[in-house]
Amino acid sequence: MSRNEDSDHSAETHPSLGLARGTVELVEYDPAWREAYESEVARLRPRLGESVLGFEHVGSTSVPGLAAKPIVDMLVLVSDLDATEDVARVLSDSGYEERPNDDVPDRRFFARGPPSCRTHYLSVTERGSDCHREQVVFRDVLRENRALAAAYE
């Protein structure tokens with residue numbers, strides 16, 4: 001599969017995913033979002049190999065029942081953010097585009113899909129970093145507290 005075909009494959013296999021860059025639109029929760037996350041991990045894990053310590057599904061699509069932007073947010077956990085050039089190259093070859101960090105100092109940020117249909121946002125960050133801890137805690141609190149999740153929505 002070519003890079004462009006690889007890049008567009010997710011929107012084809014998960015039609016509930018995708019939003020134009022710069023667009024804010026919430027849609028009803030779709031259980032397929034978890035499958036889309038798991039499929040992406042299965043696709044990336046062998047490509048990234050031992051340079052990655054783990055993956056996390058974060059953001060609104062990781063909270064069952066919560067309306068969300070239909071873009072899967074993922075963390076790729078590494079031991080040293082300064083040694084991620086190989087990770088960035090593999091992600092680029094896998095259909096991701098590196099984007100500016102938006103004032104998040106402890107990550108490298110990537111988007112998958114063309115600007116007209118972003119399907120995944122991926123942050124490469126060190127295990128235990130502020131970015132890692134904050135996103136996982138935020139997800140877990142929303143999963144555990146339905147009232148807070150409803151207020152956030």
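Which residues are buried in H4? In this predicted model, the buried residues of H4 are Cys-131, His-132, Val-136, Arg-139 and Leu-142. They lie on the same side of H4, because they cover an arc of only 135° around the axis.

## Helix H4 and its surroundings

Helix H4 comprises 15 residues, 130-144. From its first C-alpha to its last it reaches 21 Å, close to the 21 Å expected at 1.5 Å a residue. The exposed residues Glu-134 and Glu-144 are carried on the face of H4 that is turned away from its buried side.

## Strand E2 and its pairings

E2 is largely enclosed by the rest of the structure, since six of its seven residues are buried. Its pairing with E1 is antiparallel and extends over five bridges; here His-57 stands opposite Met-74 in E2.

E2 is also joined to E5, by seven bridges, and these two strands run parallel. Val-78 has Glu-126 in E5 as its bridge partner.

## Salt bridges

Eleven salt bridges are present in the structure. One of them connects the side chains of Asp-86 and Arg-89, at 3.6 Å from N to O. Both residues belong to helix H3 (residues 85-93), where a spacing of three residues separates them by about one helical turn. An α-helix has 3.6 residues a turn, so residues three or four places apart point the same way. Asp-86 counts as exposed, at 53% relative accessibility, whereas Arg-89 counts as partly exposed, at 45%.

Glu-97 takes part in a salt bridge with Arg-99, in which the closest N and O atoms are 3.4 Å apart, and in another with Arg-118, at 3.0 Å from N to O. The pair Glu-97 and Arg-118 links distant parts of the chain: Glu-97 lies in strand E3 (residues 96-99), and Arg-118, 21 residues apart from it, in the loop between E4 and E5. Arg-118 is buried, with a relative accessible area of 1%. Glu-97 is partly exposed, with a relative accessible area of 32%, and Arg-99 also counts as partly exposed, at 23% relative accessibility. Elsewhere, a network of salt bridges links Glu-40, Arg-43 and Arg-112.

Definitions and conventions: Residues are numbered from 1 along each chain as its sequence is written. This is a predicted model: local features need pLDDT of at least 70, side-chain atom pairs count only at pLDDT 80 or more; totals for chains, interfaces and linings use all residues. Side-chain values use heavy atoms; hydrogens and water are left out. Helices (H or I, at least four residues) and strands (E, at least two) are DSSP runs, numbered from the N terminus. The expected span of a helix is 1.5 Å times one less than its number of residues. Buried means under 20% relative accessible area, exposed over 50%, partly exposed in between (1.4 Å probe, protein chains only). The arc is that of the directions from the helix axis to the C-beta atoms. Two strands pair if DSSP finds at least two bridges between them. A salt bridge is a side-chain nitrogen of Lys or Arg within 4 Å of a carboxyl oxygen of Asp or Glu.
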